[in-house]
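My entries follow in the order I made them.

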Amino acid sequence: MVMSSLPKAAMSRGSGFKVLSNVDYRLARNLVVSEYRKGHLSRLDVCDAQPELLRAASDAGEPVDEECPICEESTIKLVSYVFGPRLPASGRCVANKKELAKLSSLGKDLACYVIEVCPACNWNHLAQVFSLTPRPSGRPRSKASVGQEAAAGEAGPTETPGGDRP
Ligand SMILES: [Zn+2]
């Protein structure tokens, strides 16, 4: 039984990074679910997962032992997106903590968004947001190899003082 959701895995010891902050969106999620059950929201309102998200759920989603609150026909999957420097603006979908550790090893703070998705009815909701910062490893690594290009062009407009005096 896979019950280790990514945030939990990330928070475990020896994962190579530490969790800075962790916001649980369960309250907001439960509100949406109860609004749906009361009939204030339609299934169209709440089951609007984008095709990309659904694909991510089927490819890299982490199954959890929890029934979809909307259709109650399938278990939900957790899809994690990581945002940070040098990552795509739309985030990078990560499948496991190994991948997360790899991204974290870039030495930058990362934000991880965990979305729960139901592959059966397209229900989706933000479940959790947490930020990660790399743990300081033994030796400091300075990887400032990105120097400014000091290649000053030679093709500048040079003024030649044509002082040809007789
Ligand atoms: Zn569902």
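**Confidence**

I looked up pLDDT (the predictor's confidence in each residue, from 0 to 100): the chain mean is 79, and 70% of residues reach 70 or more. Over residues 143-156 the pLDDT is below 50, and beyond near neighbours in sequence this stretch has zero contacts in the model. A contact here is two residues whose C-beta atoms, placed from the backbone, lie within 7 Å. Where pLDDT is low, the predicted coordinates should not be read in detail.

I noted that residues are numbered from 1 along each chain as its sequence is written. The model is predicted, so local features need pLDDT of at least 70, side-chain atom pairs count only at pLDDT 80 or more, and totals for chains, interfaces and linings use all residues.

**Elements**

I found five helices and six strands, taken as DSSP runs numbered from the N terminus (helices H or I, at least four residues; strands E, at least two). Along the sequence they read α-β-α-α-α-β-β-β-α-β-β. Just after helix 2, Gly-39 takes a positive phi of about 90 degrees.

I checked burial (20 or more other C-beta atoms within 10 Å of a residue's own, with C-beta atoms placed from the backbone); 24% of the 166 residues count as buried. Leaving out residues up to four places away in sequence, Cys-112 touches Ser-80, Val-82, Phe-130 and Leu-132.

Key: Buried ≥ 20, exposed ≤ 12 C-beta atoms within 10 Å, placed from the backbone.
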